[in-house]
Amino acid sequence: MRLLRCHEQLSDIQNSVVSIGNFDGVHLGHQRLIQQTKSIAERHKAQAVIFTFDPSPSEILRADTAPHALTTMSMRAQLIEREGIDTIVAYPTDSTFLAMAPEVFFEEIILKQLRALALVEGPNFCFGNRRAGNIDTLETLTRPCNVELHVVEPYLHDNQVISSSWIRQRLHAGEIQQANFGLNRPYGLQGVVCRGSERGRSIGFPTANLSQVETLVPADGVYIASAKVEKDVFPAAVNIGPNPTFQEYQQKIEAHLVGFEGNLYNLPLFLELHERLRDTRSFENPDALVRQLEADVAAVNRWFENPAL
């Protein structure tokens, strides 16, 4: 897979079929676009190219209110590669780039840099300064250049469009199984293990505290998860939120890896969330907390005996 990050690298692209967008989450709607892009590229004997932005336009245009990302750029590239795309453009985005008029974007980026034979977009695609260009604009621009334009309908679930916003809403509500359906995979949290208070170790349930998480953290609660440490995968019970039993009220991400023995400090850890078990709550004493943790681990083990998405 080639991840192109600068203008100069785009000279390697010849005769491409391109889909342009944020592709945050690489959800079912994105996957439909990607598969169509691949299919049309094969017909043209051209490169299938996914063109995305780094950073996303919202991080520049409305930094204070931009939605939390569902994926980092490296995660996004891996997911797009998994869909069978071998050329991904993470275009360096700044205010000058975002100020391009739609016609200039089409001429300079789509024609000159991407050398596009065809474009594959959703019906709500917008581009150029202040998102002034839309599908109608694109149709007007592509026709005289003999560039094909393919409009792919969104993926619907229960009459709802599967979108990055829809996924975020499900995660904010703790509806992890719904979010996973829309993603067509478990939602993942990636970070580095840092040192915590070690209270879990003192009661027989050591936890790995995840720090440096750059993506959206779902609603507080206890989740069934897979924990990936280097090449190994462990069942895990993950607590997102405070620890009110010990008067600790800051939000944390703590994972108890079932069957793991050793030191995880400073190691990268990837958590895939499968199901939300319960709310985070306070217990009257540590013994009551231990009994609940035992029940949580038992639920984790049962899930892994008969897993679902």
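Student: What does arginine 170 touch, not counting residues up to four places away in sequence?
Tutor: Arginine 170 touches Glu175, Gln178 and Ala179 once those sequence neighbours are set aside. Touching here is contact, that is, heavy atoms within 4.5 Å. The model is predicted, so local features need pLDDT of at least 70 and side-chain atom pairs count only at pLDDT 80 or more, while totals for chains, interfaces and linings use all residues. Residues are numbered from 1 along each chain as its sequence is written, and side-chain values use heavy atoms, with hydrogens and water left out.

Student: Why is arginine 170 called buried?
Tutor: Its relative accessible area is 15%. Buried means under 20%, exposed means over 50%, and partly exposed is in between (1.4 Å probe, protein chains only). Since 15% is under 20%, arginine 170 is buried.

Student: What makes the pair of arginine 170 and glutamate 175 a polar contact?
Tutor: The two side chains are joined at 2.6 Å. A polar contact is a pair of N or O atoms within 3.5 Å; within protein, one must be able to donate a hydrogen and the other to accept it, and residues adjacent in sequence count only if both atoms are side-chain atoms. The 2.6 Å of this pair is within 3.5 Å. Arginine 170 itself lies in helix α7, residues 164-172.

Student: How many helices and strands are there?
Tutor: The protein has 10 helices and 14 strands. They are DSSP runs numbered from the N terminus: helices are H or I with at least four residues, strands are E with at least two.

Student: Which residues of helix α3 are buried?
Tutor: In α3 (residues 73-82) they are Met73, Met75, Arg76, Ala77, Leu79 and Ile80. An α-helix has 3.6 residues a turn, so residues three or four places apart point the same way. The cover over the buried residues of α3 includes α1 (28-44), β3 (47-54), β4 (87-92) and β14 (268-278). Glycine 84 follows α3, and its phi is positive, near 100 degrees.

Student: How do you know how many disulfides the structure holds?
Tutor: The count is zero. Cysteine 126 is in no disulfide, its nearest cysteine sulfur being that of cysteine 145, 20 Å away. A disulfide is a pair of cysteine sulfur atoms within 2.5 Å. From cysteine 145, the closest cysteine sulfur is in cysteine 126, and 20 Å is too far for a bond.

Student: Why does arginine 130 count as exposed?
Tutor: Its relative accessibility is 78%, which is over 50%, so arginine 130 counts as exposed. Arginine 130 sits in the loop between β5 (116-121) and α6 (135-142). Its C-alpha atom is 9.3 Å from that of proline 102, and the two are 28 residues apart along the chain.

Student: What makes phi of aspartate 158 worth a remark?
Tutor: Phi is near 50 degrees, a positive value in a residue other than glycine. Aspartate 158 lies in the loop between β7 (156-157) and β8 (160-161), and is exposed, with a relative accessible area of 62%. Arginine 115 also has a positive phi, near 50 degrees, and is not a glycine. Arginine 115 is in the loop between α5 (102-113) and β5, and counts as partly exposed at 27% relative accessibility.

Student: What does aspartate 220 touch, not counting residues up to four places away in sequence?
Tutor: Its partners are Ile240, Gly241, Pro242, Gln251, Arg276 and Thr280. With the side chain of glutamine 251, the side chain of aspartate 220 makes a polar contact of 3.1 Å. Aspartate 220 lies in the loop between β10 (208-211) and β11 (221-229). At 32% relative accessibility, aspartate 220 counts as partly exposed.

Student: What share of the protein is made up of buried residues?
Tutor: Buried residues make up 50% of the 309 residues.
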